[in-house]
Amino acid sequence: MSDAISNPPPAERHPSTLRAEIDGLIAQGAFDAAARRLSELWRRDPAAGTASFVTSRLDELRDKLALTNFQLAKFRFAILRSFTVEPIVPLLRAEAFAYGIDLEVHVGDFNTYVQDMLDGRSSLYRFAPNAVVLAVRADQAAPELWSDFADLSPEAARQAAERVVHGYEQWIGAFRKHSQAALIVHSLERPSSPSLGVLDGQSEAGQSGLIRQINRELRRIASEFHGVYVLDYDALVARHGSEHWHDERKWLTARLPIAADYLLQMAREWMRFIVPLSAPLSGRTAKVLVVDLDNTLWGGVIGEDGMAGIKVGPEYPGAPYQALQRALLDLSRKGILLAVCSKNNLDDAMEALEKHPGMLVRAKHFAALRINWTDKAQNLREIAQELNVGIDALAFLDDNPFEREQVRAALPEITVIDLPKNPLEYAAAVRNCAAFERLALSAEDQQRTEMYVAQKERAGAEQNFQSKEDFFRYLEQEAELEPVTDLTLARIAQLTQKTNQFNLTTRRYTETQIAEMAKQPDWRIFSIKVRDRFGDHGLVGVAITHDVGEQCEVDTFLLSCRVIGRTVESALLAHLAASAAERGRKRLEGWFLPTKKNAPARDFYEQHGFELRATNCEGSLWALDLTSCAPLCPDWIKLKVSDRD
Amino acid sequence: MTASTFEQVRNVASDIFRVPADKITAESSPETIESWDSMQHLNLVLAVEEKFGVQLEPEDIEQMKSVGAVAELVERLQSAARQ
């Protein structure tokens, strides 16, 4: 508290003052300051008028920002639709901008989505989208079931539902042939007033039942293709309430079915897909959520109110804090690490974390704790360092707007969550934050917290050994190498997208691209899993090679930061070399492409006997003569190679 | 039409059509503002409803043929709501 007073963050500005300030900053040439204010303006006033202002200034700033530190990832998004979406587009672009994404949007013509998807030369494919949403409403997708249901015999209704599913299956199949872009398919909403009234609820073969069945089939179809996802439009409408969501007047006059107040919600729902989909391009994923304690994790101040005074438990006023804690545990199950950053006496806070009967999250759920009176920005830097992630991988949750603004000002790359004033709304604010969305979960994601705890024990053990080799022998590492499979595809793509440090080329791939590569005869995709006496690291390394003539080129070679410095990279390289030699290749070649973050991998090729072949402005090319050299797997790693290749 | 309503409508129109506010007069219309097409017209309708808390009927929307006409419409709807 005293910090906030002695070191005040910028005062809240009125939106109209902010607008004038932004235009002033642009005129002065302070482009990245203007961009930060622009994103502040959107957070403060996310309305239609603001969206037009934000997007027009963004269009002005785009080229100038490229020369500053302000990072914007480009993303191309196509909307195929059966209704008016134009008023949503500026809201969507402004919302994307607040996530550091420069969204270019293509809107298809009304109801031409079938032709657009089937015709490989359509404007959709010429736009070369990164992602496409198929925003089709039930009245268009299933007109017979929607408008004329009472006319249909049960058999005819069932057939109509089958035709709808068959149609989707064909269009999606054609889409996958023509494009590697992600596809987001809206599910169909159920009618709010079914044609047969309450009778409809009595049978699975009624109007609602058949639409539910179509939705189930859409999920099945999506699961059969890589990079196809369902947006549960039916649940979205239900969440906001059909009566609120719809605007019959705008629908009949302008083909706009969604009420003005909910257009932003539609844009935000799309963002929950766009944010994780754009991670491979931006290299940004929120991996750690750092939470405050007082008035965030529990109500009240532990240092003043004590164990008996703080509010957290199943009944109000403790209930909203339990609801937030449940949301945090759900994030942790998705592989997002939790950490604490709180201004408190350590003993007070730990007592509450360990012993308060109302707490659902406990000290063991946190991968890092910073409970002290130090500046939060400094603590956040330390947490990032301890967990081996970039500052931009942190998200910050704090009830105090002053702390939030200070963190934003000191560390602009952090995702700061604006908690609403009312604790009843805390859990929803966390659950609806697009930064934590994931489109696939690997086994590693689900046990990440346990792995970090084992990592702490390893770090403790390492200090007791005289030499590194003694420590490696003590670790009893076992590595398992195998070619990519359906089970490992998601994790392999995820590692190419998230790994920044031990990554020789930092090439980002989507699942679809990896699947495509795996089909090519000249390409090899390997993964390595590692376990040791402290536990299982899971799938932590990926190597992708491409045979060209006598050469085997290393396209990608990366290791998760969890196993850096454990000689796993030598084991992986030994296998690449052996496998290339077995296929008759004479040379192994690879680039090292330096980035701001991959210094840990810089000397890898040199240390493993490669010779420098060439250097250019992007990096250096290294080669190893396989006819005279064979890199060995370190004898302290037990290597098991699965030969499904 | 009062100056303040006109000014507010002009600011909304300036955002939507991406034209500097000082270039917009009461007579500005789809004929004089190039970006004022049917889709931007819809965005103008939504922005006016949001800004002034009014509900525009299809007949009202047809009357929105110039920035001045929009300001007059807003005042009429606001005074009707007060009665």
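**Sheet and cores**

Author: Gladly! Helix α11 (residues 207-224) of chain A lies across β4 (182-186) and β5 of chain A, at about 155° to β5(A). Helices (H or I, at least four residues) and strands (E, at least two) are DSSP runs, numbered from the N terminus. Angles run from 0 to 180 degrees between N-to-C directions, with axes fitted to C-alpha atoms, for helices over the stretch in contact. This is a predicted model, where local features need pLDDT of at least 70 and side-chain atom pairs count only at pLDDT 80 or more, while totals for chains, interfaces and linings use all residues. Residues are numbered from 1 along each chain as its sequence is written, chains are lettered from A and ligands numbered from 1 in the order in which they are written, and side-chain values use heavy atoms, leaving out hydrogens and water.

Reader: In what order do the five strands form the open sheet?

Author: Strands of a sheet pair through backbone hydrogen bonds, either parallel or antiparallel. Here the order is β2-β1-β3-β4-β5 (chain A), with parallel pairing; two strands pair if DSSP finds at least two bridges between them. At the edges, β2 (101-110) and β5 (228-231) of chain A each pair on one side only.

Reader: Which residues touch the most other members of the largest nonpolar core?

Author: Nonpolar side chains tend to be buried together in soluble globular proteins. A core joins buried (under 20% relative accessible area, 1.4 Å probe, protein chains only) Ala, Val, Leu, Ile, Met, Phe, Trp, Tyr and Cys residues through side-chain atoms within 4.5 Å. Among the 60 residues here, they are A:Phe77, A:Ile258, A:Met266, A:Trp270 and A:Ile274. Helix α15 (residues 263-282) of chain A gives the largest share, ten residues.

Terms used. Contact means heavy atoms within 4.5 Å. Buried means under 20% relative accessible area, exposed over 50%, partly exposed in between (1.4 Å probe, protein chains only).
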